[in-house]
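Here is my note on the model you asked about. Please read it with the structure open beside you.

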Protein chains: 2
Amino acid sequence: MAQIVDHEERRGAIIAAATELILSGGFGAATMRTIAARAGYANGALKYYFPGGKSEIIAAIFTNTLREIESMAGTQNTGNTSQDLRHYLRSWFPRSVEELPSGRLLIELWGHSLTDESLRELYSAHLAHWGAQIAAQIEAAHAVGAVLAAPPFEDMASEYISFTMGTAVMNLMFPDGSHLSDIEHYLDGVLLRLGTPDA
Amino acid sequence: MAQIVDHEERRGAIIAAATELILSGGFGAATMRTIAARAGYANGALKYYFPGGKSEIIAAIFTNTLREIESMAGTQNTGNTSQDLRHYLRSWFPRSVEELPSGRLLIELWGHSLTDESLRELYSAHLAHWGAQIAAQIEAAHAVGAVLAAPPFEDMASEYISFTMGTAVMNLMFPDGSHLSDIEHYLDGVLLRLGTPDA
């Protein structure tokens, strides 16, 4: 049992080292050699934990990043369903300048997805999963009368995901956080279109 | 005079060669050597036209791509101002699967901007310029009563640009073009929020 935990820790340390290297210097800065050095392992140990090499490490970073973004999304139950829906939609976005670096990682991963088919498939599956989750949340608000627009809500969910992606780029091009206010503007528009009666 | 035209042509040929290499294999595939080979020049000729090396070539690609996106945006004057505004906003987006590859180039350039400060500044300036143009177009529709929402329209323009960026990513992750319909959905929402009376 202790052996298994240790393996997971080591995998985690390798992923963390690769992530730091990519964040500070881009994909080119993360090689099997620099990742091993940063994590404090021999090159051979890296191959043991990631037999697929760098592309397996990158896929693990992608999965980690997407899980982190997903774990940020949270529901609340104040009794005001449209306020709760706004809270849920808002929770997918960075709230402060401190949260912007994860967008940086995402952009690097998008670039890599363009030339790595399996990474693209992994990401597309995540996007489809998120879209279904978001649509379900709007549907739930519709069921209790807090959303007046007619289903299906898949198009809205997909549009919403597009906007979150663009926001990640915009935030990194204007790292002073001045574009975080666009998010509020957009969410107000989404609620208006959904016709939430008590928005 | 003929000499100057020739120089411009050669610069163009080098930029085109580098763009093709990036589109087919990512940034790593475009080196000074492979760009020179593809364009049919000696390495020395490349240095003559681009003394700043690869980063100057990439900046030229960025400028070219941004100019192309901008040239796609077009106004029409049908007499129905809100229909004209929709046409203008729609014209910033790809219309078909054939137009999706330019988004690919954009994603590669974003990734590069993260580690290249001057590229980021070049891009931020373009974004600010586009934002002002789009806000001015909405303002013009407002002046003739076709937009009822109150100015300033800078936030809407900036939100709109975020969405166009996210769409480029979404379209590349779902290259069947299925996500082109999200664009129509979003534009309907923008016009609703602007309160265009004859939309």
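The points below go from the single chain to the pairing of the two chains.

1. Ground rules. This is a predicted model, in which local features need pLDDT of at least 70, side-chain atom pairs count only at pLDDT 80 or more, and totals for chains, interfaces and linings use all residues. Residues are numbered from 1 along each chain as its sequence is written, chains are lettered from A and ligands numbered from 1 in the order in which they are written, and side-chain values use heavy atoms, with hydrogens and water left out.

2. Confidence. pLDDT is the predictor's confidence in each residue, on a scale from 0 to 100. Chain A has a mean pLDDT of 89, and 96% of its residues reach 70 or more.

3. Fold of chain A. Chain A has nine helices and zero strands. Helices (H or I, at least four residues) and strands (E, at least two) are DSSP runs, numbered from the N terminus. Along the sequence the pattern is α-α-α-α-α-α-α-α-α. The C-alpha trace of chain A spans about 60 × 40 × 30 Å along its principal axes.

4. Cis peptides. Look at P151(A) and P152(A): a cis peptide bond joins them, with omega about 5 degrees. P152(A) sits in the loop between α7 (117-143) and α8 (154-173) of chain A. In chain B, a cis peptide bond joins P151(B) and P152(B), and omega is about 5 degrees. P152(B) is in the loop between α7 (117-143) and α8 of chain B.

5. Packing inside chain B. Helix α5 (residues 81-90) of chain B packs with α7(B) at an angle of about 170 degrees, their axes 10 Å apart. Axes are lines fitted to C-alpha atoms, for helices over the stretch in contact, and angles run from 0 to 180 degrees between N-to-C directions. The two helices, α5(B) and α7(B), are therefore roughly antiparallel. Angles under 35 degrees count as roughly parallel, over 145 as roughly antiparallel, 65 to 115 as roughly perpendicular and the rest as oblique. On the α5(B) side, T81(B), L85(B), Y88(B) and L89(B) meet Q133(B), I134(B), Q137(B), I138(B) and A141(B) in α7(B). By class this contact has six nonpolar, three polar and no charged residues. Ala, Val, Leu, Ile, Met, Phe, Trp, Tyr, Cys and Pro count as nonpolar, Asp, Glu, Lys and Arg as charged, and the others, Gly among them, as polar.

6. Symmetry. How is chain B laid on chain A? A turn of 180 degrees and a shift of 0.0 Å along the axis do it, with an RMSD of 0.0 Å. The two copies are thus related as by a two-fold rotation axis. In chain B, the C-alpha nearest the axis belongs to G166(B), 1.9 Å from it. Superposition is by least squares on the C-alpha atoms of residues with pLDDT of at least 70 in both copies.

7. Interface. 37 residues of chain B are in contact (heavy atoms within 4.5 Å) with 37 residues of chain A. The area buried between the chains is about 3,400 Å², and carbon and sulfur atoms give 70% of it. L114(B), M173(B) and H185(B) supply 20% of the area that chain B buries against chain A, more than any other three residues. Buried area is the accessible area (1.4 Å probe) that two parts lose on being put together, summed over both. 100% of the interface residues of chain B are also interface residues in chain A, so the copies meet through the same surface.
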